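Subject: Model handover, aromatic contacts

Hello,

Please read them alongside the coordinates.

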Amino acid sequence: MPLSRSVSMTSLSGLPPWEDEGLPVEDLLLFEVAWEVTNKVGGIYTVIQTKSKITVDEWGENYFLMGPYYEHNCKTQVEVCEAPNPAIKKTMDCLSSSGCQVRFGRWLIEGCPYVILFDIGAAAWNLDRWKGEFWDTCGIGLPFHDREANDALIFGSMVAWFFKELQDMPNVIAHFHEWQAGAGLILCRSRKVPMATIFTTHATLLGRYLCAGNVDFYNNLDKFNIDKEAGDRQIYHRYCLERAAVHCSHVFSTVSQITAVEADHILHRKPDVVTPNGLNVKKFSAMHEFQNLHSTNKAKIQEFVRGHFYGHLDFNLEKTLYFFIAGRYEFSNKGADIFLESLSRLNYLLRVHKSDMTVVVFFIMPAKTNNFNVETLKGQAVRKQLWDTAHSVKEKFGKRLYESLLKGEIPDMNKILDRDDFTIMKRAIYATQRHSLPPVTTHNMLEDSTDPILSNVRRIGLFNARTDRVKVVFHPEFLSSTSPLLPMDYEEFVRGCHLGVFPSYYEPWGYTPGECTVMGIPSVTTNLSGFGCFVEEHVSDPAAYGIYIVDRRFRAADESCNQLTHFMFAFCQQTRRQRIIQRNRTERLSDLLDWKYLGRVSTDMNFFFFYTHTLSETACPKWGCPEPEPNPATHGTRLEGEGTHPGRDATPSQGTPQAGLEPQTHQRAGTGQTRCATAPPHYQSKEKQLINVCCLCIIKVIGKTQSEVLSRKGRSGGWLWYMLRRGHAE
C-alpha cells in the first residue's frame with residue numbers, strides 16, 4: 001500500500017522552505033513549562049533545548065520557559081537579568097514579596113530564550129497548605145515520602161500562582177510538559193485563569209513502569225486494570241495527577257502515533273495532535289565534511305580498541321565495524337536483551353561463513369560503578385608505552401637513514417638498527433602479552449553478579465575470545481572528552497561508529513537513532529518507537545537510507561531477534577564503498593528531522609489552538625465550551641465541591657483505591673464537545689472569520705490537503721475538527 005507521504009531513493013534533495021508571512025504573535029505570550037528547563041534529566045531537556053531557536057525566531061520576546069531553580073544549573077547555564085516585560089516583572093515582584101523566590105534570565109543555549117525559574121526549596125514551607133488545597137481541588141493526595149511528587153506540587157503551585165497574578169496580559173498560552181508540570185495546569189484550570197492550555201506527554205508514566213516489568217504491553221493495552229496496576233506499583237497518586245492534567249488541558253498532544261495509541265488506552269483521551277520531536281540539524285551539519293569526520297573519529301575509537309584488546313589484537317582494524325547502543329539503563333525497554341541475543345547469533349553466522357570482518361559492540365549505559373577497571377587502564381598504558389617506543393626507534397631510524405643518504409650510500413638495514421634497538425622492541429612486545437581475556441566492562445561494577453548486561457553476556461558466552469568475531473565492550477558511564485579511557489564526546493563517538501542499534505520495546509520517540517541520522521550514521525530502530533513509526537510514514541524504503549526498522553509489534557520476540565540478526569549480518573557483508581554511499585543517503589534525511597520544519601507544528605499549533613479556544617469562550621460564550629462537562633468514562637480524581645478530606649499525606653493505593661483516592665467522576669476540560677448549531681448570526685460571522693484563518697493554519701501545520709484535514713472528524717471526534725468542517729462549509 002503506498003504511503004500518504006513518502007520519499008523515493010533518488011528524490012530527497014531537501015525539503016522546500018516554509019512559505020509563510022509569520023504568525024500574529026505580537027499580542028500573545030507563550031509560556032512553556034517543564035521540569036527539565038535548565039535541568040537535564042532525560043530527553044525532554046533535549047526537546048526543549050533543540051527547538052528553542054526556531055521558537056524564539058517565531059515568537060521573539062514573547063516566548064518564556066518556566067522551570068525549577070537549581071543553583072548549580074543556574075550558575076553555569078543562565079545569565080540573570082531583569083524581565084523586560086512590565087507585567088511579568090510586576091508578577092515576579094508580587095511572588096517575591098510573598099516569600100517565594102523567582103529568578104529571571106536568559107538560558108545560554110542557541111536562541112537564548114528567557115527563563116523564569118522557581119525556587120522550590122525556598123517555598124517548601126507552603127507544602128502542607130498546598131497539599132490541602134490540591135486535595136480540596138481535585139481529590140488527589142500525595143504521600144509525604146514521594147519527594148518528586150511533592151516537589152512537582154510546589155513547582156505547580158508556584159506556576160499557577162504566577163499565572164493568577166499575571167492579569168495585565170490576558171492573551172496567554174501555556175504549554176505544559178509531562179506529569180511533573182501537570183499540577184500547575186490543574187490548578188490554573190480550577191482557578192479559572194483566563195488562558196489557553198496545552199499538555200504534552202512524552203511517555204505515559206504507567207506505560208514506562210509496565211514495560212520495565214517485561215509485560216506484553218501493546219497486545220494488552222485494552223485489558224489492563226489501570227487503577228490496580230498503578231496502585232500495585234505505588235504510583236497511583238502520580239497517575240491521577242497525570243491523568244487529571246490530560247483531561248484539564250484544552251489541547252492534548254503526544255510526540256508519536258504509538259504514544260497516541262498508548263495515551264488513548266491509559267489516560268482515556270485521544271491526543272488532539274501529534275507533534276514529532278526534531279533536532280537542531282545545523283548543529284550537526286557538516287556538509288561534505290561528515291565523511292572526513294567519520295574517518296577522524298573512527299581513528300580515535302581504534303586507538304581505544306588497540307589498548308583494550310592488547311595481546312589479543314589478532315584482527316584487522318581496517319576490517320572492523322563498530323556498533324553501539326546508548327541511553328538510559330532500561331535493559332528491556334531499550335532493547336538490550338534482544339540486542340545481546342542477536343549478537344550471539346551474529347557471532348555464529350560470521351564464524352560459520354568464515355568472514356574476515358570483526359564487530360566491536362559498545363554498550364554506553366550508565367550503571368553503578370566505583371572506579372575504572374585496572375585491566376582497562378593498564379591496556380591504555382601499554383598502548384601508550386608501545387607508541388612511545390615506536391616513536392623513539394623511528395627517530396633513530398630516520399636520523400641514520402638521512403645521514404646515509406647524504407653520503408650517497410644505500411643504507412645497510414642491518415646497521416641502521418643496533419642491538420639496543422632490537423632489545424627495546426622485544427621488551428615492548430613481551431609487555432603486550434596477557435594471560436587473561438580482554439575485559440568486557442571498562443569499570444568495576446558494584447552489582448556485577450546481578451547486572452542484566454553482564455549476566456546475559458555470561459549466558460551467551462561472548463567473552464572476547466580470539467575465536468569470537470563479535471567483541472563486547474560495556475562502558476557503564478556517559479562519554480566525556482576528559483575520560484582517560486575513551487576521551488570523546490558523544491557526538492564524536494557516534495560519528496566514528498558504523499551502526500547504531502536501538503531495538504527498543506518502549507520508546508515514545510527515540511532521539512538516539514535521530515541523532516545518528518542527522519550525523520550520517522545508519523541505525524536500527526523498531527516500529528514500537530516514535531521515530532521508527534515516523535520514518536515508516538514518511539520514507540518509502542527506510543533501509544535504503546540506512547534506517548533499519550525491526551518489527552517488534554507484530555512478530556514474536558524470536559522472530560524479531562532473527563530479523564535484527566539479519567540486518568546486522570547484511571550490514572557486515574557490505575563493502576566499504578557501499579557503506580560510504582549508504583552514509584550519504586542517511587545524511588540526506590536530515591531535513592526531515594529539522595526543527596526548522598517540525599518546529600512549525602509546535603509554534604503554529606500554539607497559535608491555532610489559542611484562537612480556537614478564544615473562539616469557543618468569547619465568540620460564542622453561550623454555545624461554546626468554557627466549562628467542561630463531567631465525563632463518566634474517566635475517573636481517578638474528585639471534582640471541586642464533591643467533598644473534602646484531610647488527605648494531605650495520603651498513602652499510595654495497594655491495588656484498590658484507599659480513602660481519599662477513590663475513583664471519582666473527573667472533568668474533561670473542553671474536549672469531545674461541539675458548539676450549538678443554532679448560534680446567533682453575529683456570533684457565526686465572527687466564528688467564520690476566525691475559522692477560516694485557523695483552517696488554513698492547521699492545513700499547513702499537518703501538511704495535508706484541505707479535504708484530508710476536514711475529514712479527520714471521524715478519527716478524532718473533537719470539537720476542533722467539527723468547527724473546521726463548519727467553517728469550510730460556510
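A residue is called buried here if its relative accessible area is under 20%. By that cut-off, Tyr-45 and Trp-107 are both buried. Please keep in mind that this is a predicted model.

Aromatic pairs

With ring centres required to lie within 6.5 Å, the count is 31 aromatic pairs. Tyr-45 and Trp-107 make one of these pairs: the ring centres are 5.7 Å apart and the planes stand at 65°, so the geometry is edge-to-face. Tyr-45 belongs to helix α1 (residues 43–59) and Trp-107 to strand β4 (residues 102–107); the pair therefore links distant parts of the chain, 62 residues apart.

Phe-339 and Phe-363 form a tilted pair, with 5.4 Å from centre to centre and 40° between the planes. Because Phe-339 is in helix α13 (residues 336–352) and Phe-363 is in strand β11 (residues 358–364), this pair ties together parts that are 24 residues apart in sequence. Phe-339 is buried, at a relative accessible area of 0%. Phe-363 is buried as well, with a value of 0%.

Cluster

One aromatic cluster is formed by Phe-31, Trp-35, Phe-64, Tyr-70, Phe-104, Tyr-114, Phe-118, Phe-155, Phe-162 and Phe-163.

Charges over rings

The charged end of Arg-103 sits over the ring of Tyr-69, at 4.1 Å from the ring centre. Arg-434 lies over the face of Tyr-310, and the distance to the ring centre is 4.0 Å.

Regards

Notes
Residues numbered from 1 in each chain as written. Predicted model: local features only at pLDDT ≥ 70, side-chain atom pairs only at ≥ 80, totals over all residues. Heavy atoms only, no water. Phe/Tyr/Trp six-rings, centres within 6.5 Å; stacked < 30°, edge-to-face > 60°. Helix = DSSP H or I, 4+ residues; strand = E, 2+ residues; numbered from the N terminus. Buried < 20%, exposed > 50% of the residue type's maximum accessible area, 1.4 Å probe, protein only. Lys NZ or Arg CZ within 6 Å of the ring centre and 35° of its normal.
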